[in-house]
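Please work through the exercises below with the sequence and the model open beside you. Each one sets a task and is followed by a solution that goes step by step.

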Amino acid sequence: MKLLRAQFSNFRLLRDLDIQFSTSPERPLTVVRAANESGKTTMLNALQWGLYGDPALPNGGEGMRLHPIDWDAGRDGRRVPIMVTIEFEVTSVRRTPAGFKETRRRYRLVRSTHEDVDQDRFSRAQSSVRLFAITETGDTPLQSPEAIIADELPTELRDVFFTDGDRALSFIEADVAVSTKRDRVQRAIRSLLGLGVIKDAMRHVEKTAGEINKAARKLGGTDELGSIAARLEEIETDRDRLDGELTEAHSSHANLDGQIADIDRRIASALAKGDREKLANDIDATRKEIGKIDTQLDGAVKEHAALFRGIELARGVLGAALAPAYQKLDALYDRKEIPSATIPVLEDRLDIGSCICGESLSDSDPKGAKRRAHVCELIEKSQRADDIQKMVTALYFGSKALEPPADGEGGAFGEAYRGVVEKRDGLQDLRDDTGRKLRALELQIDDMPDADVASLRKARREFENQKDRVKFREGQIDTQLAGLVAEHGGLKERRDSLLREQTKGARILAELEVATDVSGVLKRAFDRITDEELVKVSDLMNEIFLDMIGADAAQGALIQRAEVSREFDILVFGPNGRKLDPDRDLNGASRRALTLAFILALTRVSEVEAPNVIDTPLGMMSGFVKRSVLRKAASLSSQLVLFLTHSEIEGCEAILDEMAGEVMTLTNPAHFPRMLVNDPGDGARKVIRCDCNHRSHCHICERIDDESPALVDGGDAYV
Amino acid sequence: MSDRYFNPFASVDILVPTEFKEDFGRFCQTGGRAVIDHSPFPRMVDLWFLAVCVAARKGLDPAEIDRRDTYKIIDGSIFSSDPWRVHTLMMIAISQSNDVGIVVEPRRMMSLANGLATAGFPHVMDMLKDGDAEPIWNLSEAIETLERDAA
């Protein structure tokens, strides 16, 4: 998983901020430069809240205000909408007959909530989260977003993916109990193993035990009913308002689509001359081709899904499982108890109109009609007496289609599946090629000196941007609505339960004992698997750590080795195997390097492609160790996002030149005039972003203690 | 005249334990707007049916669901369009009960199938989730392997 973009709205200092992340394999580093109190830690919290919700906030979000501290309730309303949107990309690999095939999918996650502000007090609603798959044909909401996030960024590894430089020491810090540190290391390593299945089973057993307890408790009625009813009314009002806003957004969306289509027509018309005309035709034809391929791709995907409702699937899965039933039916057949031939033979004679003996069974002949009535009577009697035989007869013949393939015959499901894979992969490759062809043609057109077309294209891009914003708003409203619906459901259930007090029966003790036993078995399995992975993390941590601090054991360095013990302690050893206490015997820089080495080793061993987002990782470091830690971290992480102060960056500029794909600066306007040269001109307490990198500053971010300003950005800024 | 596609399950309910409800929503396309690669089953009954087959194949005992909270995903009339499913359920019922006479007891057969589906469902979840690709690919690979193993 790689982060692509994040947008923050009314999250503390981040009132309205948008950032992009570098996804380049050559330059995996994204740097957010910011002085103290400029939103670094807030952004780290906001990203975690976006992905994991309130539990990811310090102290589980208990009592923590999310809205901006200077929110003007009189002017902007008592209700503050808070939202974090994160776009990310997931790479998946699957086996194909031709080898491994890599596919990338993009998603947009929107988490929202609101806080009701009443002077110094506030209350926060439960947040809601939506996840959309982003495709070229539009955004599609996905079910169970939490499950998908948990698959990509397991909650237990949150401390590994998102690290506060100061809290990074949590694995070795002196101020916490040994058991706490062990627990942190243990949890991080266990989550690496993807032991979700066992853990889910453990949770399920615990939940079941909870349910058993709950079943025994009596509920009592309270006047809570009144406040629930009032909140339900408020929700209805908010839903009406949001529905209105959503309708408005849909209308803007449609309007913008119309304007974009109009510009496309005008561009096509402007290009319809000479070579341009040919190019325009080529583009048009390519777009149509893409449309056709997309339709075929949709069809192939549906064909793939159709495999899961076909008889081939049942045959493939069941294999020989039906053999006992076939044996039974064959035995009945051999004993001539089936097929049930009487009724079909009699029915055949009725259809033909003559008896086996040659006599007529025709209605027009009185004797024939009498015989016919007799035959019908015989059929009716047989039907009543022969229900089982009839069913078994139909089953005997009908079930032939379910028989497993004969020896040497390939499986029908596998054959159909391989056909679908070939079709899907072929079409996807074709789609990628045609997409590239279209982009090349569009570039050719853009390069042509045609001011009119260029300005039309510019206008088109503007409309596309507006449309993006409207789509974004639609997603936000959708998310808020979903949150309200969920809250409504919960409150309604609570209200109903208050009206339905009842006592359930016992059996509780016996059931609880069973739950405890099962839980014990699962836990023992869990512990055993954990131990094996421990060694891998320990070895890699040692290698990274020694490299970071430049310690060469062969040269008699003070620090010889680091390891994670079987008890999950992080240990460091000096000469002659003397044990050093990381809390006390290491300097600040080495302790930070040790924890970063542990985090990077964990990520590496897990083989999870995931970002490492670290706030102030280089504090207390200088010189060789600082540069070495930065270089090592950037080269080991698949995506490294660092929140750095100006002093952390000092001396590392050349590494950032080489390894940073995105660099931006955050500024807190409240720092003017003491720390900022210029007044950013915004009274509100909020962080402002500019595109200045580690070597430049502009009129927004220029700081009084900045020593060597140089001009960039049209005279307003300096490099 | 007898109907060779007679569906004995037409008025019998297909039940699933409530705890599986979220997973059914996640992996089935019922409700529309689903991304097929993430939600491979066209209908809930397709997931239920696969769970029955997997349980039968693995020789699992039917789970006891009478005392569990369940909900109805649909009734057996859905099999009228797929008569082979009627035959499959009957064959599974005969294999499990060792009694040919069970074919005229649709409720007993469905009760067996519901129990098997409940037992097989966690295995189907593993098939969907085990692997590095989207659920549709993971599941396809797992079924292909099952089929190959049976050959």
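Two residues are in contact if their C-beta atoms, placed from the backbone, lie within 7 Å. The model is predicted, so local features need pLDDT of at least 70 and side-chain atom pairs count only at pLDDT 80 or more, while totals for chains, interfaces and linings use all residues. Residues are numbered from 1 along each chain as its sequence is written, and chains are lettered from A and ligands numbered from 1 in the order in which they are written.

**Exercise 1. Describe the side of chain A that touches chain B.**

Step 1. The contact takes 51 residues from chain A and 49 residues from chain B.

Step 2. Helices (H or I, at least four residues) and strands (E, at least two) are DSSP runs, numbered from the N terminus. On this basis, strand 4 (79-96), strand 8 (138-142), helix 8 (274-306), helix 9, helix 10 (323-334), helix 11 (342-352), helix 13 (387-398) and helix 14 (412-447) of chain A each supply at least two residues of the side that touches chain B. The largest share, 8 residues, comes from helix 13 of chain A.

Step 3. For classes, Ala, Val, Leu, Ile, Met, Phe, Trp, Tyr, Cys and Pro count as nonpolar, Asp, Glu, Lys and Arg as charged, and the others, Gly among them, as polar. The side of chain A that touches chain B then has 32 nonpolar, 11 polar and 8 charged residues.

**Exercise 2. Work out how helix 9 of chain A lies against helix 2 of chain B.**

Step 1. Axes are lines fitted to C-alpha atoms, for helices over the stretch in contact, and angles run from 0 to 180 degrees between N-to-C directions. The axes of helix 9 (residues 311-318) of chain A and helix 2 (residues 44-57) of chain B come within 8 Å and cross at roughly 20°.

Step 2. Helix 9 of chain A is therefore roughly parallel to helix 2 of chain B; angles under 35 degrees count as roughly parallel, over 145 as roughly antiparallel, 65 to 115 as roughly perpendicular and the rest as oblique.

Step 3. On the chain A side, the contact is made by Leu313(A), Ala314(A), Val317(A) and Leu318(A) of helix 9, and on the chain B side by Leu50(B), Cys53(B), Val54(B), Ala56(B) and Arg57(B) of helix 2. By class, this contact has 8 nonpolar, no polar and 1 charged residues.

Step 4. A residue is buried if 20 or more other C-beta atoms lie within 10 Å of its own, exposed if 12 or fewer, and partly exposed in between, with C-beta atoms placed from the backbone. Helix 9 of chain A is mostly covered, with 6 of its 8 residues buried, namely Leu313(A), Ala314(A), Arg315(A), Gly316(A), Val317(A) and Leu318(A). Gly319(A), which follows helix 9 of chain A, has a positive phi near 55°.

**Exercise 3. Describe two strand pairings in chain A.**

Step 1. Two strands pair if DSSP finds at least two bridges between them. Strand 5 (residues 99-118) and strand 6 (residues 121-124) of chain A run antiparallel and are joined by 4 bridges, and Val117(A) has Phe122(A) in strand 6 as its bridge partner. These strands form a hairpin with 2 residues between them, and Gln119(A) in the turn has a positive phi of about 50°.

Step 2. Strand 9 and strand 13 (residues 611-615) of chain A run parallel and are joined by 3 bridges, with Asp164(A) standing opposite Asp615(A) in strand 13.

Step 3. An open sheet of 6 strands in chain A has the order 9-13-14-3-15-16 and mixed pairing. Its edge strands, each pairing on one side only, are strand 9 (162-164) and strand 16 (688-690) of chain A.
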